[in-house]
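Hi,

Here is the structure I promised to pass on to you. Have a look at it first, and then read my notes below.

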Amino acid sequence: MWSDIIWLTVGLALIVWGANAFVDGASWVARRLGMSDLLVGLTVVAIGTSAPELVISVISAAEGASGIAVGNVVGSNIVNILVIIGLTALIRPIKVSGGVMVSQMPLMVLSALILLMFGNSAVLDGITTNSIPRTGGILLLLLCLMFVIYTIKSARHQPEATVATPADKGRDDITLSSTPWWKAMLLLAAGLAGLLWGGDKFVDGACGLARALGMSETMIGLTIVAIGTSLPEMAASVAAAVKGRGDMAVGNIIGSNIFNVTLVLGASATVHPLVFSGIGNTDLLVLLAASLFFWLTARIWGSRTINRYEGAAMLAGYGAYLYWLIANIH
């Protein structure tokens, strides 16, 4: 059991470090290739913060641990909204732009609906188990590609100043001019290696811990793995909120949730069909309700602001969900 905890910790540390190194290297290369700060944030950073979920879910799928693969995504998306946005709003109310509410939040809600549909495929398709087949995985990857294209086209019509201040751009320029190509490529390679090796050890530790404690893979995926793989999103969103960049905090979570469903589950199901073992409608409906609440707090209640009371309500909602998990899943 202790060896499992050690591998779990070492794997998570490597994943977080690897994701950070990968994002730094990819961002440097992307900016050198002429991509704007906004495009880097909406694509490279959003995918980079979803890298831990991607690695762990793909490895879990390849090893036949569907409970961790699917539970990781469902749990991470719930944590992203109820815990990270809740905590971020509690630290500093989040101002959300109209463009984000119109173009991105509906897609996040749609991704939760797609997940709910796959989670009820047994009823819809008349099959024995709820699952995402390889064809479904390929479809999700195509949706991911469409989202990236849509995001890039939308970003061209938004001012770059909404993402980076002149002072920040100056610091970026200094960093770009003083960083050699080999260092950026080394960061990319090292980050990818850390993600892959750390993901493998994390999954081994999580499965071993689940067996030692008599917990299901699904429970581990919905809690320990979900919270652990959401650390990059938490760090990025809290830092953005402290600096007064609400759109960055919100955009990071929205992009990560969409990528988790389309890219992470799409890639995982393409490697090996995913079975919703232990993931029920309660979990999927909690995710859908959280997504809708997130959208409504920004769009309807208040003046496009997620305030501290709403942030506290999100955290309380996650506490209630966690209590239900502990009471009902073994």
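The second largest pocket has a volume of about 200 Å³. A pocket here is found on a 1 Å grid over the protein atoms alone: it is an open set of points where a 1.4 Å probe fits, with protein on both sides within 12 Å along at least five of seven lines. Points are joined across faces, edges and corners, and the volume is the space filled by probe spheres set on them. Before you read on: this is a predicted model, so local features need pLDDT of at least 70 and side-chain atom pairs count only at pLDDT 80 or more, while totals for chains, interfaces and linings use all residues. Residues are numbered from 1 along each chain as its sequence is written, and side-chain values use heavy atoms, with hydrogens and water left out.

Which residues line that second largest pocket? They are Leu 107, Leu 110, Ser 111, Ile 114, Leu 143, Met 146, Phe 147, Tyr 150, Ile 258 and Thr 262 (a lining residue has an atom within 4 Å of a point). Helices H6 (105-118), H8 and H13 each bring at least two residues to this lining. By type, the lining has 8 nonpolar residues, 2 polar ones and no charged ones.

On to the rings. Searching the whole structure turns up 3 aromatic pairs. To pair, rings of Phe, Tyr and Trp (its six-membered ring) need centres within 6.5 Å; planes under 30 degrees apart are stacked, over 60 edge-to-face, and the rest tilted. Phe 147 and Phe 259 have ring centres 5.4 Å apart and planes at 75 degrees, so this pair is edge-to-face. It links distant parts of the chain, with Phe 147 in helix H8 (residues 134-155) and Phe 259 in helix H13 (residues 246-271), 112 residues apart. Both Phe 147 and Phe 259 are buried (under 20% relative accessible area with a 1.4 Å probe, protein chains only; exposed is over 50%, and partly exposed is in between).

Tyr 318 and Tyr 321 make a tilted pair, 6.2 Å centre to centre with 55 degrees between the planes. They sit 3 residues apart in helix H15 (residues 308-328), so about one helical turn separates them. Tyr 318 and Tyr 321 are both buried, and together with Trp 324 they form one aromatic cluster.

How many helices and strands are there in the protein? It has 15 helices and 4 strands; these are DSSP runs numbered from the N terminus, with helices being H or I of at least four residues and strands E of at least two. Of the 330 residues in the protein, 52% are buried.

Now for the inside. The largest nonpolar core has 56 residues, and those touching the most other members are Val 74, Leu 115, Ile 132, Leu 274, Phe 276, Phe 294 and Ile 306. (A nonpolar core is a set of buried Ala, Val, Leu, Ile, Met, Phe, Trp, Tyr and Cys residues joined through side-chain atoms within 4.5 Å.) Two or more residues come from each of helix H4 (66-91), H6, H8, helix H11 (217-229), H13, helix H14 (281-299) and H15. H4 gives the most, with 12 residues. Another core of 17 residues lies apart from it, including Leu 12, Phe 202, Ala 206 and Cys 207.

Ser 256 lies in helix H13 and counts as buried at 0% relative accessibility. Leaving aside neighbours within four places, Ser 256 contacts Ala 46, Thr 49, Ser 50, Asn 77, Asn 80 and Glu 233. Ala 249, also found in helix H13, is buried with a relative accessible area of 0%.

Cheers

Definitions and conventions: Ala, Val, Leu, Ile, Met, Phe, Trp, Tyr, Cys and Pro count as nonpolar, Asp, Glu, Lys and Arg as charged, and the others, Gly among them, as polar. Contact means heavy atoms within 4.5 Å.
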